[in-house]
Amino acid sequence: MSSESKIGGDNIILIGMPASGKSTLGVILAKVLGYKFIDSDILIQEQQSRKLSQIIEEDGIDSFLKIEDDVNASIDADRTVIATGGSAVYGEKAMQHFKNIGRVVYLHVEYDRLVKRLSDIKQRGVVIRDGQTFEQLYDERVRLYNKYADITVTENCENVETVLADLIKELGEA
């Protein structure tokens, strides 16, 4: 790490829809770069001693989003790949924190491809409001992902190695 880089500024934060590959790619990317890995959804579950779906069901969406924002904003990491939950972009405090501690990478997956990957969104703990369709949720979040992303990698295939190579290339140029 060079002397002029800020402490903690060398993290890579992955954002994107559920099933976009944040955790899967994040683990592999961390290994390739020699970084640590954090899955923020697991941090939330550990702090709350409940699954994400239970938090949403028992406390409601707004309460979950506050918990998620607080947990994400408190992550203190260095040379770490951080995979966030798909709803992390609703937390302004957390997203500002992530922008300060590293580069935010949006793993973009086209809507039709994403629908094929997702089976049970309720079991996954996906934050979706009553009456909201998955397509409406997708459109809403894509705007936020684009707002916060320093780098966008579009997944055009199901091959993890290809997406990883694209991601590493983008990180090298950023």
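View 1. Most residues other than glycine have a negative phi. At the start of helix α2 (residues 40–48), a side-chain oxygen of D39 reaches to within 2.9 Å of the backbone nitrogen of D41.

View 2. R79 is another residue that has a positive phi although it is not a glycine, with a value of about 50°. It is placed in the loop between α4 and β3 (80–83). R79 is partly exposed, and its relative accessible area is 36%.

View 3. Side chains of opposite charge can pair when their charged atoms come close. R50 makes a salt bridge with E58, in which the closest N and O atoms are 2.8 Å apart. R50 also makes a salt bridge with D59, and here too the closest N and O atoms lie 2.8 Å apart. R50 is buried, with a relative accessible area of 17%, since buried means under 20%. D59 is partly exposed, at a relative accessible area of 34%.

**View 4. A salt bridge between R129 and D62.** The closest N and O atoms of the salt bridge between R129 and D62 are 2.8 Å apart. R129 lies in the loop between α6 (111–117) and α7 (134–148), whereas D62 lies in helix α4 (residues 61–73), so the pair ties together parts that are 67 residues apart in sequence. R129 counts as partly exposed, at 40% relative accessibility, while D62 counts as exposed, at 54%.

**View 5. The largest nonpolar core.** In soluble globular proteins, nonpolar side chains tend to be buried together. Here the largest nonpolar core has 29 residues, and I15, I82 and F98 are those with the most contacts inside it. At least two residues of this core come from each of β1 (11–15), α5 (92–101), β4 (102–108) and α7. Helix α7 gives the most to this core, with 7 residues. Leaving aside residues up to four places away in sequence, F98 touches I13, N72, I75, I82, T84 and V104. Another core lies apart from the largest one and has 15 residues, among them I12, L25, A30 and V81.

**View 6. Serine 20 and its surroundings.** S20 is found in the loop between β1 and α1 (22–33). This serine is buried, with a relative accessible area of 0%. Its side chain reaches the backbone oxygen of M17 at 2.7 Å. Not counting residues up to four places away in sequence, S20 touches L107, V109, L114, R117 and E155.

**View 7. Aromatic rings of helices α6 and α7.** A search of the whole structure finds 3 aromatic pairs. The ring centres of Y111 and F134 are 6.0 Å apart and their planes stand at 35°, so the pair is tilted. Y111 lies in helix α6 and F134 in helix α7, so this pair ties together parts that are 23 residues apart in sequence. Y111 is partly exposed, with a relative accessible area of 21%, whereas F134 counts as buried at 13% relative accessibility. Y111 also pairs with Y138, in an edge-to-face arrangement with 5.4 Å centre to centre and 65° between the planes. Y138 is in helix α7 and Y111 in helix α6, so the pair ties together parts that are 27 residues apart in sequence. Y138 is buried, with a relative accessible area of 7%. Y111, F134 and Y138 form one aromatic cluster.

**View 8. Confidence along the chain.** The protein chain has an average pLDDT of 88, and 89% of the residues score at least 70. Over residues 1–8, pLDDT stays under 50, and the model has 9 contacts beyond four places in sequence for them. Where pLDDT is low, the predicted coordinates should not be read in detail.

Definitions and conventions:
Residues are numbered from 1 along each chain as its sequence is written. This is a predicted model: local features need pLDDT of at least 70, side-chain atom pairs count only at pLDDT 80 or more; totals for chains, interfaces and linings use all residues. Side-chain values use heavy atoms; hydrogens and water are left out. A salt bridge is a side-chain nitrogen of Lys or Arg within 4 Å of a carboxyl oxygen of Asp or Glu. Buried means under 20% relative accessible area, exposed over 50%, partly exposed in between (1.4 Å probe, protein chains only). Helices (H or I, at least four residues) and strands (E, at least two) are DSSP runs, numbered from the N terminus. A nonpolar core is a set of buried Ala, Val, Leu, Ile, Met, Phe, Trp, Tyr and Cys residues joined through side-chain atoms within 4.5 Å. Contact means heavy atoms within 4.5 Å. pLDDT is the predictor's confidence in each residue, from 0 to 100. A polar contact is a pair of N or O atoms within 3.5 Å; within protein, one must be able to donate a hydrogen and the other to accept it, and residues adjacent in sequence count only if both atoms are side-chain atoms. Rings of Phe, Tyr and Trp (its six-membered ring) pair if their centres lie within 6.5 Å; planes under 30 degrees apart count as stacked, over 60 as edge-to-face and the rest as tilted.
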